[in-house]
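Work through the exercises below with the structure open beside you. Try each task before reading its solution.

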Amino acid sequence: IMVLNAPATGIVQVRITVERYTTDGQRKMLKEALRTGGTEGLSKAMDGLEAGYIQIENNLRWPIRIASTWKTDKGRKVRFATNRPIYYGETTRNTRSTDYPFGFIEILLPPEGKGEGVLLVAAQAQFGADGRLEVRSLPSNTGPQKITNVLSEIVPPKKSKT
């Protein structure tokens, strides 16, 4: 991920592991949680889900709550969402960032070569007047961060020792 327009710019390595994709039933449940409970309702509904994890550099990994994929004319698109960690400083200073509890990643994996995408570190989700999902980044945040040089690797499941 290329971190731009932030107090500390640079490049960080991210590893995303998908263990399962979100089912249609789970997506319906999440949509209803957002419709009836807003951002807080969606965040609580996400707590019970786990699709894989994300790890930045050598830090602890964080669960990915939602993962979906589909084919496009340019390759495979993959989307991830999680209810991000809210840090102590955010809560004690009551910063606006606590109103933006989600992280979103979208990656395009072409048939050949490396993929690319975007990351929103602090975002919120809601339905607009037209009923479409709207995702907003924290206004004082750095906005979408560019993801480059994405490599996809399929690892077969480990066989159990029986």
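## Exercises on strands and backbone

**Exercise 1.** Is Asn149 buried or exposed, and where does it lie?

*Solution.* Keep in mind that this is a predicted model.
- Step 1: take the accessibility. Asn149 has a relative accessibility of 53%.
- Step 2: apply the cut-off. Exposed means over 50%, so Asn149 counts as exposed.
- Step 3: Asn149 sits in strand β11, residues 145–150.
- Step 4: check the backbone. Phi of Asn149 is near 55°, which is positive in a residue other than glycine.

**Exercise 2.** Find the place of Glu57, then classify its accessibility.

*Solution.* 
- Step 1: locate Glu57. This residue is in the loop that runs between β4 (52–56) and β5 (62–64).
- Step 2: take the area. The relative accessible area of Glu57 is 38%.
- Step 3: classify. Buried is under 20% and exposed is over 50%, so Glu57, at 38%, is partly exposed.

**Exercise 3.** Which strands stand at the edges of the open sheet of three strands, and why is one side of each left without a neighbour?

*Solution.* 
- Step 1: write the order. The open sheet runs β3-β4-β5, and its pairing is antiparallel.
- Step 2: find the edges. β3 (14–18) and β5 each have a single partner strand, so one side of each has no neighbour in the sheet.
- Step 3: look at one pairing. β4 and β5 run antiparallel and are joined by three bridges.
- Step 4: pick a residue pair. Tyr53 stands opposite Pro63 of β5.

**Exercise 4.** Trace the pairing from β6 through β7 to β8. How many bridges join β7 to β8?

*Solution.* 
- Step 1: start with β6 (residues 66–72) and β7 (residues 75–83). They pair in the antiparallel sense over seven bridges.
- Step 2: β6 and β7 form a hairpin, with two residues between them.
- Step 3: find an opposite pair. Ser68 faces Arg79 of β7 across the pairing.
- Step 4: move on to β8 (residues 102–109). Eight bridges join β7 to β8, and the two strands run antiparallel.
- Step 5: Asn83 stands opposite Phe102 in β8.
- Step 6: recall a general rule for reading side chains. In a regular strand they alternate between the two faces of the sheet.

Methods
Residues numbered from 1 in each chain as written. Predicted model: local features only at pLDDT ≥ 70, side-chain atom pairs only at ≥ 80, totals over all residues. Heavy atoms only, no water. Helix = DSSP H or I, 4+ residues; strand = E, 2+ residues; numbered from the N terminus. Buried < 20%, exposed > 50% of the residue type's maximum accessible area, 1.4 Å probe, protein only. Pairing = 2+ DSSP bridges.
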